[in-house]
Structure formats: C-alpha cells, structure tokens
Amino acid sequence: MTPSPTQALATAARAVAASKIYGSGDTEVRALDAIDVAFEQGRFTAIMGPSGSGKSTLMHCMAGLDNVTSGQVIIGETDLTTLSEKDLTLLRRDNVGFVFQAYNLVPTLTAIENITLPMDLAGSKGDEAWVDEVVGATGLADRTKHRPNELSGGQQQRVAVARALAGKPQIIFADEPTGNVDSNTAAEILGFMRSAVDQMGQTIVMVTHDPVAASYADRVVFLVDGKIVDELEDPTPQGIRDHMTQLGA
C-alpha cells in the first residue's frame, strides 16, 4: 500500500548517520555504519539481511534498547541520544511497543493481565475501549482469563501483539515475531499485524529472515555489513528472494 505524499512526510522514527561499534583496534566490529533510514507512520516495514548484517542491532537501537556509538535515533520528535536512562525508560514504556520471538509473557498472569501489564506498571488504565477492540481483533475475547500455559503458541504470540498495541504506541518493533510458530499460525499473526497497520493506523517495523513474512510489509529494507544497500516497495516473496540472492544472503 503506497502512502500519499502527505503520509510519506510523517515519520514515526528515523536514524541519522547512526553507527554502532563494538570493540576497538583490531577487534573493532562496526555493526551499524552511518545508517540513514526513516520509518513512516502508518506503514509496515520489514528489515532483512544476511546473518550478522546488523538488522537486529538496528532494531534494538531504533527501539531504545541499545545505544548508538554515534549519530542520532529519533522517535517522533525526540532524539533518544539526548535522554537520561530514566527518560529513555519512560519513552519506551509510553511510546514504543515490542513483539519478540519468545513472546515474553508473564506465566502467572492471565492473557488480559499480560496485555494490560505495561499500562498497569505505569499506573494507567489506558483506553479501555481500545483494549477491548484490540482483544477482539486478535481473536482472544474468549481466552482473556487463560494463562500462557493454557494457550497455544499462536495465541501466546497474539497476546504479545495485543500487548504491544494496547497502549497506542507511536511505533511497534517486532523481532522475528513468527519464528516460534508454524506456517499457518505465522500467517494469522502476520495477517493481524497487517490489519493493525491498515485498520488501526499502527506503525510496525519487523526484523525477519523469512521472505514470506516480509511480503506482508509495505517496504523491505535490506542490510549488509551494517549498511542499507537496497529497498523494495510492495514486496512479493519471490522479489524478496531475488534481492537476497543478489546480496549473497
């Protein structure tokens, strides 16, 4: 889905000359190399690349889970590199949603308690009507009182996606969100993430190695050796495979 020019100008998050360096001298590893990239509001972007390309490092730095060595990372109008650890924690809590491969659910809490946990920790009830809409959209309305061990892997990941959406964050980062589920369940999760963008106006950035998963996105960004080397709009699985082959992935 191609945005209008007006939408294209609205940026949820961006990196400006962002570099991440580990070690020094002979042991220096440049995981990110002066990256410039923007993630537009209301769009679904996939990040792909060979193992060690820097895609997870980019996502972690964009989400404020790791710090860049130099350059800027900006969410909305806030430069993360200027924030104290406390303010960074608050920004992540209030403005960023996370979906991880391992679900990261609290086993002693019910599905609905896991979904509302970030808001509960913040001392806020949030928008209860919105939470109800998210729960309904994820197909969890009849599973809200079940604990994680009473849910299938796909249901647990839907809880994780619902938790990310519940607080109406500016942007959601998803790290291999379908890596632990079968292909049918993956299609359900990705379909819901796609509808969260199309129907709910959410912004999602997803790291994946799977061309089929990436084809649900509006745009794919390709990384090699810490640099963005290509982009693909309106991707198809075969188009993504062709790009990855050209990149030697």
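Is Arg-219 buried or exposed at its relative accessibility? At 4% relative accessibility, Arg-219 counts as buried, where buried means under 20% relative accessible area, exposed means over 50%, and partly exposed covers what lies in between (1.4 Å probe, protein chains only). The model is predicted, so local features need pLDDT of at least 70 and side-chain atom pairs count only at pLDDT 80 or more, while totals for chains, interfaces and linings use all residues. Residues are numbered from 1 along each chain as its sequence is written, and side-chain values use heavy atoms, with hydrogens and water left out.

**Salt bridges overall**

- Side chains of opposite charge can pair when their charged atoms come close.
- The count comes to 13 salt bridges, each defined as a side-chain nitrogen of Lys or Arg within 4 Å of a carboxyl oxygen of Asp or Glu.

- The side chain of Arg-219 meets that of Glu-231 in a salt bridge, with an N to O distance of 3.2 Å.
- Because Glu-231 lies in strand E10 and Arg-219 in strand E9 (residues 219-224), this pair ties together parts that are 12 residues apart in sequence; helices (H or I, at least four residues) and strands (E, at least two) are DSSP runs, numbered from the N terminus.
- Salt bridges with shared partners join Arg-219 and Glu-231 with Glu-40, Arg-43 and Glu-233 into one network.

**A pair between strands E2 and E10**

- Asp-33 and Lys-227 form a salt bridge through their side chains, at 3.6 Å from N to O.
- Since Asp-33 belongs to strand E2 (residues 29-40) and Lys-227 to strand E10 (residues 227-233), the pair ties together parts that are 194 residues apart in sequence.
- Asp-33 counts as partly exposed at 22% relative accessibility, and Lys-227 likewise counts as partly exposed, at 43%.

**The pair Glu-28 and Arg-30**

- Glu-28 is joined to Arg-30 by a salt bridge in which the closest N and O atoms are 3.5 Å apart.
- Glu-28 is partly exposed at 37% relative accessibility, and Arg-30 is partly exposed at 36%.

**Asp-218 in a loop**

- Asp-218 is placed in the loop between helix H8 (211-214) and strand E9, and it counts as buried at 0% relative accessibility.
- The side chains of Asp-218 and Arg-194 are joined by a polar contact of 3.1 Å, a term for a pair of N or O atoms within 3.5 Å; within protein, one atom must be able to donate a hydrogen and the other to accept it, and residues adjacent in sequence count only if both atoms are side-chain atoms.
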